[in-house]
Amino acid sequence: NGITVGCTVGIKEYFNSNYITVYPNPVEDKLNVELAGAKPYNFLIKDISGVTVRKKSEVQFEKSEIDFSDLAAGAYFLEIQVENNTLIKKIIKTNVR
């Protein structure tokens with residue numbers, strides 16, 4: 001009923017009649033976030049201990065990039081807030097180089 005979440009890379013996640021695509025996951029430098037319909041949204045990136053390491057409010061674009069290049073390798077959580085709904089997605093940061 002409005003929310004379907006997949007864990008496979010490249011799966012579109014349907015979220016309150018709009019879909020959000022997050023890729024690549026795992027990420028090395030730049031994480032892409034696409035939101036159909038271009039509704040304003042907020043996002044937070046939290047590390048595994050719950051500390052916010054990135055935050056942006058009122059994003060107005062259908063596609064945006066989040067810079068992960070200076071973050072340590074490990075697990076993070078992306079929280080996307082659209083209107084009164086929140087999607088949380090686990091993101092893996094790698095250092096391949």
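Is aspartate 67 buried, partly exposed or exposed, and at what relative accessibility? Aspartate 67 counts as partly exposed, because its relative accessibility is 29%. The model described here is predicted.

**The sheet**

Four strands make up an open sheet, ordered S6-S5-S8-S9, with antiparallel pairing. Strand S6 (52-59) and strand S9 (85-93) are the edge strands, and each pairs on one side only. On average, neighbouring strands of this sheet are turned by 15 degrees against each other, direction ignored.

Strand S5 (residues 41-47) and strand S8 (residues 74-82) run antiparallel and are joined by seven bridges. Tyrosine 41 stands opposite valine 82 in S8.

**The salt bridges**

Side chains of opposite charge can pair when their charged atoms come close. The structure holds three salt bridges.

| Aspartate 67 | Lysine 30 | 3.7 Å |

Take the pair of aspartate 67 and lysine 30. Aspartate 67 lies in strand S7 (residues 63-67) and lysine 30 in strand S4 (residues 30-35), so the pair ties together parts 37 residues apart in sequence. Lysine 30 counts as partly exposed, at 38% relative accessibility.

Glutamate 79 is buried, with a relative accessible area of 13%. Lysine 46 counts as partly exposed at 22%.

Aspartate 70 sits in the loop between S7 and S8, and arginine 54 in strand S6, so the pair ties together parts 16 residues apart in sequence. Aspartate 70 counts as exposed, at 55% relative accessibility.

Notes: Residues numbered from 1 in each chain as written. Predicted model: local features only at pLDDT ≥ 70, side-chain atom pairs only at ≥ 80, totals over all residues. Heavy atoms only, no water. Pairing = 2+ DSSP bridges. Helix = DSSP H or I, 4+ residues; strand = E, 2+ residues; numbered from the N terminus. Axes fitted to C-alpha atoms, helices over the stretch in contact; angles between N-to-C directions. Salt bridge = Lys/Arg side-chain N within 4 Å of Asp/Glu carboxyl O. Buried < 20%, exposed > 50% of the residue type's maximum accessible area, 1.4 Å probe, protein only.
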